[in-house]
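Me: Please take a close look at one part of this model, the ligand site and the strands beside it. What is there, residue by residue?

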Amino acid sequence: MNANGSSERSQLLADIDPATYRSVLGRFVTGVTVITARGPDDRTVGLTVNSFNTVSLDPPLVLWSLALKSPSLAVFRAQNWVAVNILAHDQRDLALRFSKPAEDKFRGVAVQEGLGGAPLLVGATACLECRIRHRYPGGDHEIIVGRIVRTEASDRPPLVFHRGQFGAFTC
Ligand SMILES: Cc1cc2nc3c(=O)[nH]c(=O)nc-3n(C[C@H](O)[C@H](O)[C@H](O)COP(=O)(O)O)c2cc1C
């Protein structure tokens with residue numbers, strides 16, 4: 001919308017190609033999380049996620065969506081404990097590392113063990129430890145709803161994501 005309230009460029013949903021769709025949604029600024037879990041075979045998984053959001057205060061519920069094609073999906077389906085690590089502004093390297101498939105994403109990364117063995121990333125601005133309560137189909141993603149069981153937070157400034165770029169929050 002411009003200052004007159006009209007749309008500068010409008011497209012019917014049916015006409016939107018994937019690149020435009022991503023570009024439009026990229027206007028929505030988000031924080032950046034790394035969501036982790038430990039599988040029944042002790043394998044740890046973690047991926048960069050910006051679909052994280054709050055759902056409910058009472059009970060304290062949060063959600064995120066996980067691509068059905070993600071190699072981590074099987075572990076997140078087998079394990080009910082997850083940790084949401086909200087990254088700090090100086091953790092861009094971790095955001096990149098956890099956004100690509102790799103054999104051992106945790107090699108050299110400082111972690112503490114959270115509930116259910118989910119890795120908590122040292123230096124994150126906040127960690128939310130959750131028990132998965134619901135899973136819903138969401139197109140090519142699975143929507144996962146977790147109940148927060150334990151939290152830890154700091155005053156470290158957050159990492160933000162906007163139009164495909166990582167940045168810092170200023171106001
Ligand atoms: C900023 C950013 C946000 C992302 N958000 C999500 C997300 O919400 N859900 C998702 O499934 N993948 C998301 N991804 C992609 C995953 O991080 C990426 O596919 C990763 O390789 C998945 O881990 P895996 O291959 O070990 O399963 C995001 C990537 C970036 C860079």
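Reply: Strands here are DSSP runs of E with at least two residues, numbered from the N terminus, and two of them pair if DSSP finds at least two bridges between them. The model is predicted, with local features needing pLDDT of at least 70 and side-chain atom pairs pLDDT 80 or more, while totals for chains, interfaces and linings use all residues. Residues are numbered from 1 along each chain as its sequence is written, and side-chain values use heavy atoms, without hydrogens and water.

Strand S2 (residues 33–38) runs antiparallel to S3, with 6 bridges between the two.

The shell has 18 residues (a heavy atom within 4 Å), of which Thr 48, Ser 51, Ser 70, Ser 72 and Lys 105 come nearest. By class, the shell divides into 8 nonpolar, 8 polar and 2 charged residues, with Asp, Glu, Lys and Arg as charged, Ala, Val, Leu, Ile, Met, Phe, Trp, Tyr, Cys and Pro as nonpolar, and the others, including Gly, as polar.

A polar backbone atom of Ser 65 is 2.8 Å from a ligand nitrogen. Ligand oxygen atoms lie 2.8 Å from a backbone N or O of Ala 67 and 3.3 Å from one of Ser 99. The protein buries 80% of the 630 Å² that the ligand exposes when taken alone (Shrake-Rupley, 1.4 Å probe).

Note on methods
Polar contact = N/O pair within 3.5 Å; in protein donor to acceptor, adjacent residues only side chain to side chain. Helix = DSSP H or I, 4+ residues; strand = E, 2+ residues; numbered from the N terminus.
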